[in-house]
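Visitor: I would like to learn how to read a model like this one, feature by feature. Could you take me through it?

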Amino acid sequence: LPQWLLDRTIVTADTLQTANCFLLADGKGGRFWGWEGIGVCQGTCTHVWHYAQAMARLFPSLERNLREKTDYGRAQLPNGVVPFRGTVEGGEGGGIAIDGQCGTVLRSYREHLTSKDDAFLKAYWPKIKLALEFLIDFDRNDGDFDGLLHGKQHNTLDASWYGKVHAISSLYIASLRAGEEMAKRVGDSEFESLCRDLYSKGSKGIEMLYNGEYYVQEEDPSHPEAIGVGPGVYIDQVIGQFWANQLGLGRLYNKEHMQSALNTLWKHNFVPDVRSFRKTFTEGRYYAWTGDSGLIMCTWPNGGLRENFRNHPPYRYFNECMSGFEYQAAAHMVA
């Protein structure tokens with residue numbers, strides 16, 4: 001490979017050699033542990049770390065360590081939940097983050113794909129299945145059982161969103177496809193069929209969230225107090241397909257609609273100079289500055305930004321350029 005490509009590939013993986021990451025003396029081979037950012041937000045958080053791909057590709061044994069010793073070791077609860085801060089030392093692991101739960105299932109399939117044989121998948125399939133069964137039960141208990149999720153959905157933007165959330169349902173649909181493939185590999189034909197049927201429903205049903213240009217969140221009118229994005233152009237709206245690309249799962253749902261959604265992100269969320277944007281929109285953290293270009297998390301070019309959103313501290317996230325989100329969107333656009 002050319003040197004420029006190697007340089008650009010490794011630069012995002014150098015986080016591993018900083019004080020962000022540790023290998024704790026916990027049994028044979030140690031236990032991998034990481035902050036969200038150095039000294040900030042502990043617990044190798046599922047809804048943050050599932051965006052990362054470099055470690056799993058360059059050092060797959062470290063990612064399997066995280067599944068074996070943490071997610072399916074000390075963290076997973078009897079009902080299948082993998083608490084999103086499952087490695088908080090000496091304390092509770094936090095609750096359920098639905099996007100992080102999906103990400104854990106998807107990472108499990110990735111760890112199988114980067115293994116030399118089926119040993120990892122066969123050993124951890126009961127726990128992987130249990131994690132996916134929690135999501136399926138969530139779907140079943142929301143009243144529709146339609147391959148989409150709605151209800152209280154805590155996620156990586158530090159709040160619970162309600163209604164049918166395009167991004168989270170996209171991850172759920174990808175998880176069902178991954179579950180189908182894993183079940184097939186281990187010979188669990190009944191669960192394979194269940195995943196396939198729900199995936200089929202979800203891949204069709206999610207088109208109800210397409211507005212002719214991009215995917216939107218269908219908000220729950222019974223929770224007007226909740227934050228969300230509503231009809232905003234959200235950076236993660238088709239994140240499930242990014243994951244499907246990583247795992248060789250094929251096209252999850254409508255290709256033309258997804259491409260239109262990505263084009264809409266480029267049209268409405270990309271700013272060539274973040275400083276000029278921030279002069280008029282000052283809330284949020286400054287991850288990009290004068291002369292930096294970036295992809296803003298969410299915009300509302302067609303209106304629909306509810307004033308109530310501004311009452312929530314996580315509202316400021318929508319005005320930021322956060323690299324993990326940008327990487328997945330960019331990777332999807334490249335694909």
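Guide: Helices (H or I, at least four residues) and strands (E, at least two) are DSSP runs, numbered from the N terminus. The expected span of a helix is 1.5 Å times one less than its number of residues. Two notes on the source: this is a predicted model, in which local features need pLDDT of at least 70 and side-chain atom pairs count only at pLDDT 80 or more, while totals for chains, interfaces and linings use all residues. Residues are numbered from 1 along each chain as its sequence is written, and side-chain values use heavy atoms, with hydrogens and water left out.

Visitor: What span does helix α8 reach from its first C-alpha to its last?

Guide: Helix α8 takes in residues 189-205, 17 residues in total, and reaches 24 Å, close to the 24 Å expected at 1.5 Å a residue. Helix α7, with 21 residues, reaches 30 Å, again close to its expected 30 Å. Just after α7, G187 takes a positive phi of about 80°.

Visitor: How do I read the sides of a helix?

Guide: The general idea is that an α-helix has 3.6 residues a turn, so residues three or four places apart point the same way. You also need burial: buried means under 20% relative accessible area, exposed over 50%, and partly exposed in between, with a 1.4 Å probe and protein chains only.

Visitor: Which residues of α8 are buried?

Guide: In α8, the buried residues are F191, E192, C195, L198, Y199, G202 and S203. They lie on the same side of α8 because they cover an arc of only 140° around the axis; that arc is taken from the directions from the helix axis to the C-beta atoms. On the face turned away from this buried side, α8 carries the exposed residues S189, E190 and K204. Helix α7 is mostly covered, with 18 of its 21 residues buried.

Visitor: What covers the buried residues of α8?

Guide: The cover includes α6 (119-141) and α7 (166-186), where contact means heavy atoms within 4.5 Å. Take S203 in helix α8, which counts as buried at 13% relative accessibility. Not counting residues up to four places away in sequence, S203 touches I173, L252 and Y253. The C-alpha atoms of S203 and G147 are 7.5 Å apart in space, although the two residues are 56 apart in sequence.

Visitor: How many disulfides does the structure hold?

Guide: A disulfide is a pair of cysteine sulfur atoms within 2.5 Å, and the structure holds 0 of them. C21 is in no disulfide, as the nearest cysteine sulfur, that of C45, is 14 Å away; C21 is also buried, with a relative accessible area of 11%. For C102, the closest cysteine sulfur is in C195, 12 Å away and too far for a bond. C102 counts as buried, at 0% relative accessibility.

Visitor: What about backbone angles in the loops?

Guide: The loop between β2 (31-34) and α2 is the place of C41, which has a positive phi of about 60° although it is not a glycine. T44 is found in the loop between β2 and α2, and its phi is near 40°, a positive value in a residue other than glycine. C41 counts as partly exposed, at 31% relative accessibility, whereas T44 is buried at 3%.

Visitor: Last topic: how is empty space found?

Guide: Rolling a probe the size of a water molecule over the atoms shows where empty space is left. On a 1 Å grid over the protein atoms alone, a cavity is a set of points where a 1.4 Å probe fits but cannot get out, and a pocket is an open set with protein on both sides within 12 Å along at least five of seven lines; lining residues have an atom within 4 Å of a point. Grid points are joined across faces, edges and corners, and a volume is the space filled by probe spheres set on the points. The count comes to 2 cavities of 30 Å³ or more, and about 90 Å³ of space lies in the largest cavity. Of the 13 residues lining the largest cavity, D99, A167, I168, Y234 and D236 are the closest to its centre.

Visitor: What is the volume of the largest pocket?

Guide: The largest pocket has about 1,500 Å³ of space. Of its 45 lining residues, Y51, A52, S323, G324 and Y327 are the closest to the centre. Helix α12 gives the largest share of that lining, 8 residues.
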